[in-house]
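The following account leads through the structure shown below.

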Amino acid sequence: MRVVVAGGSGFLGSQLCEALLNRGDRVSCLDNFSSGRAANVAHLMNRSGFECVTCDVTARPRVGGDVDAVVHLASPASPDDYHRHPLETLAAGSRGTENLLDLAVRHRSRLVLASTSEVYGDPQVHPQTEDYWGHVNPIGPRSVYDEAKRYAEALTTAYRRIRGADTGIVRIFNTYGPRMRAHDGRVVSTFVRQALAGEDLTLHGDGSQTRSYCYVDDMIRGLIAMLDSPRPGPVNLGNPTEHTVRELAELVLLITGSSSGLTFLPLPADDPVRRRPDITRAREELGWQPEVPLEVGLRRTVGWFAAQNDARQESEPSSAGRPS
């Protein structure tokens, strides 16, 4: 197939592009590089069947030739990014989603929308099933991302119902792994960066809030399973094993061997207390479930971050012999 991956230079997008190329698909990566990084796809640039197009999906991207499938990952996704770019986040979920749906309809191709567990807000139902409508503050600090994704789901569903679009919706829960940005504000990347630097790990609240962490390789398998499926979704993709944030911090310290301490900060507004997916639908409809245990995935992630630090240090000129 030829697959258009919008947001293809990001943490998830770049790994999806690589996985699709590895199975023989052609890939067109669309990105405006507002939160994605060119370095994530640099190793793909000379591969046959890959192209990277700098564009913004909110400006009706032009894609020539045949298109067999579209994956919509184009949105700021980390708290730091969507707090810094609130209007752009809303635009990606609204105009960007409509433009990509129009592209899919024109080419009679399948579109997979990468939605999020954030559509459940601070859930009052646990674990979260796909038929739960959520508990979201529509004007809170997280609303620009939560509501952008909720609108994108509504728009995608309307295109399927009214225009016969072939669509699928996945709700992605916390995902981690190589190619995360060190300062993206996500909890795994923050803890790993702080531990490797010998800084205190910063926890919000008392650390008893829970999350479910899915390793990126598992998530990519889930996305591809949805791409190859006729199912409309929504389908939860995430790891149903629940951990407190404090447990995560202590595991990162164990793996890194860091002597860093823990610093506790106030809990942000509307921060979810518990988050865990029910993945019954993913198992039954996609034949998918995560396979990588948290400790294994974290060791791989820590190794990747450590290698990035080593590479940066090697590239910096030595100051030995310079006058102070």
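**Cysteines, sheet and helices**

Cysteine 29 has 0% relative accessibility and therefore counts as buried, a term for under 20% relative accessible area, with over 50% being exposed and values in between partly exposed (1.4 Å probe, protein chains only). This is a predicted model, in which local features need pLDDT of at least 70, side-chain atom pairs count only at pLDDT 80 or more, and totals for chains, interfaces and linings use all residues. Residues are numbered from 1 along each chain as its sequence is written, and side-chain values use heavy atoms, leaving out hydrogens and water.

The structure contains zero disulfides, a disulfide being a pair of cysteine sulfur atoms within 2.5 Å. For cysteine 29, the nearest cysteine sulfur belongs to cysteine 52 and is 3.8 Å away. Cysteine 214 is likewise buried, at 0% relative accessibility; its sulfur lies 18 Å from the closest cysteine sulfur, in cysteine 17, which is too far for a bond.

Seven strands form an open, parallel sheet in the order 3-2-1-4-5-6-11. Strands (E, at least two residues) and helices (H or I, at least four) are DSSP runs numbered from the N terminus, and two strands pair if DSSP finds at least two bridges between them. Strand 3 (50-54) and strand 11 (235-237) are the edges, each pairing on one side only. Within the sheet, strand 1 (residues 2-6) pairs in the parallel sense with strand 2 (residues 26-31) over five bridges. Here arginine 2 stands opposite arginine 26 of strand 2.

Helix 4 (residues 143-163) lies across strand 5 (110-116) and strand 6 (166-172).

Note on methods:
Contact means heavy atoms within 4.5 Å. Axes are lines fitted to C-alpha atoms, for helices over the stretch in contact, and angles run from 0 to 180 degrees between N-to-C directions.
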